[in-house]
Amino acid sequence: FAGLADVSISEDIPVEGEITVPVGSHSPEDDFSTLDEPVKDTIMRDLKAVGKKFVHVMYPKKSSALLRDWDLWGPLVLCVSLALMLQGGAADSKDDGGPQFAEVFVIIWFGAVVITLNSKLLGGTISFFQSLCVLGYCVLPLTVAMLVCRLVLLAGAGTVSFIIRLIVVVAMFAWSTLASTAFLADSQPPNRKALVVYPIFLFYFVISWMILTFTPQ
Amino acid sequence: LGRLRGQHAGGARGGGGAAGPGRAERALTLSAPAQGGGSAVIDMENMDDTSGSSFEDMGEMHQRMKEEEEEEAEGEAGAAEEEDGEFLGMKGLRGQLGRQVADQMWQVGKRQASRAFSLYANIDILRPYFDVEPVQVRARLLESMIPVKMINFPQKIAGELYGPLMLVFTLVAILLHGMKTSDTIIREGTLMGTAIGTCFGYWLGVSSFIYFLAYLCNAQITMVQMLSLLGYGLFGHCITLFVTYNIHFHSLFYIFWLGVGGLSTLRMVAVLVSRTVGHTQRLILCGTLAALHMLFLLYLHFAYHKVVEGILDTLEGPNMPPFQRVARDIPVVSNAVLNTTAKAVALTL
């Protein structure tokens, strides 16, 4: 920069004015330091984020909010509630036909990991946790279906109830698959979308099957 | 940056008339907006803004502005700068140092973690095996049912893992369906664990075993190719089981077993034969593969079907007759419909 020593303002141009420096009251640390806020604020902020993502899943538009700020709270809550609801089997070990809590949990997370790895190997541009986040959130329609099935089963377990449950589960399964496809397929090269959609289809099919064949003892 | 610049410039003061680089830089930034007149807003982004530093920076800036307005006497500017530099040195340096140490630690930790990660969790080694198009997968699925005629030339096997992996997972899903509708009771373990273990165990275990035999018999096949071949051979199994888990006719199963299972086995055998020399070797290799493949289909049908429930109960529990075809709660509608349809079709034929 030695050569710039003689760069100077010509003296007949008056240099005047005000310099206002945007000295914000937030230096960078203040923005990230949320230690001082009340716990209620922290929880409410996270709950709001989760709720916003639920809304995004129920009305899947091509927005990138789900992808951008991923979080795994929603999938955890959904997974745990689904696993709890599916654990209707009797404590009596003779009729051990229902899936156990650990089974459902492992299926969901293992399946999501496999789908994520698959989409990454096929050349996807989405990150690992973003994909987990999307797949987890798209279990929401199936959780709703499980709730409905349980309520229908309270009324009886005949042919009519089976047909109702079948319709509800199939509809929610289609909704889940479409919702997750809307978010995930965009990150793939266009001619390989079918390769990514198929495992997602299988994954939600297995979960839907577990929901449909659930009989409380 | 601001601190260092100040100090450096202060240090260079004795070196002659050259203004410190930062100062000249700042001079440039200052001049541009000032020419427009009025208020000037300086972008302070380039300056390292550490805790409690902005006031010092502002002070420094105002000082500098005043100097440039008055004259270009570098000596004075230098003196003021050094003053400012020292002033900053006292307050800003501590924060600066702490930041640098933390930054360095973060960098080192990040580098170590990413090195470990890229070493152990590198999925890029698998990437070439997943480089397929949907049309290719579809073509290979159909080809897996067509035995090749030309066994004198080594047949090409695509070393691809996407199709086989998806077929194994589909088989797992079909097995689950079969186990559920037959109300199989697994005492030690879970349904899902059993299904996954069976399918993956077969795919990986039998592939390795046949690869080992191929090594003994001097067949030209690599491990990935063997995995791919056996994986696509499971397509026949998937079709058979999907049909026969829903329509429970033993005769239908045997037809499918021989027909569909036989076709996919024939294809695998033909490909292997084309890559092996010598009659004994061909016989050993293909006999083993054919036997294992067909027996696996047989096992899958009978093991996860209604029959086993009866046997388990007679072995352990109260005396229940085996082969109990009690109508189950869930598929009562679908099964009845399918069975009657199949019966009607069989009768008309």
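Helix α8 (residues 223–244) of chain B packs against helix α9 (residues 250–274) of chain B in this predicted model, at an angle of about 175 degrees and with axes 9 Å apart. Helices here are DSSP runs of H or I with at least four residues, numbered from the N terminus; axes are lines fitted to C-alpha atoms over the stretch in contact, with angles from 0 to 180 degrees between N-to-C directions. That angle makes α8(B) roughly antiparallel to α9(B), the label for anything over 145 degrees. On the α8(B) side, the contact (heavy atoms within 4.5 Å) includes L229(B), G233(B), G236(B) and V243(B); among the α9(B) partners are F253(B), W257(B), S264(B) and M268(B). Sorted by class, the contact has 12 nonpolar, five polar and no charged residues, with Gly counted as polar.

An unreviewed UniProt entry lists residues 161–179, 191–217, 229–248, 254–274 and 283–304 of chain B under "transmembrane region", though such annotations may be inferred rather than shown by experiment. Residues 254–274 of chain B are 100% helix, with end C-alpha atoms 29 Å apart. Residues 161–179 of chain B come out at 95% helix and 0% strand, their end C-alpha atoms lying 27 Å apart.

Then there is helix α7 (residues 191–216) of chain B, which has a kink of about 25 degrees centred on G201(B). After α7(B) comes N218(B), with a positive phi near 60 degrees.

Residues are numbered from 1 along each chain as its sequence is written, and chains are lettered from A in the order in which they are written. Local features need pLDDT of at least 70 and side-chain atom pairs pLDDT 80 or more, while totals for chains, interfaces and linings use all residues; side-chain values use heavy atoms, leaving out hydrogens and water.

Terms used
Helix = DSSP H or I, 4+ residues; strand = E, 2+ residues; numbered from the N terminus. Parallel < 35°, antiparallel > 145°, perpendicular 65-115°, else oblique. Bend = angle between axes of the 7 residues up to and from the residue.
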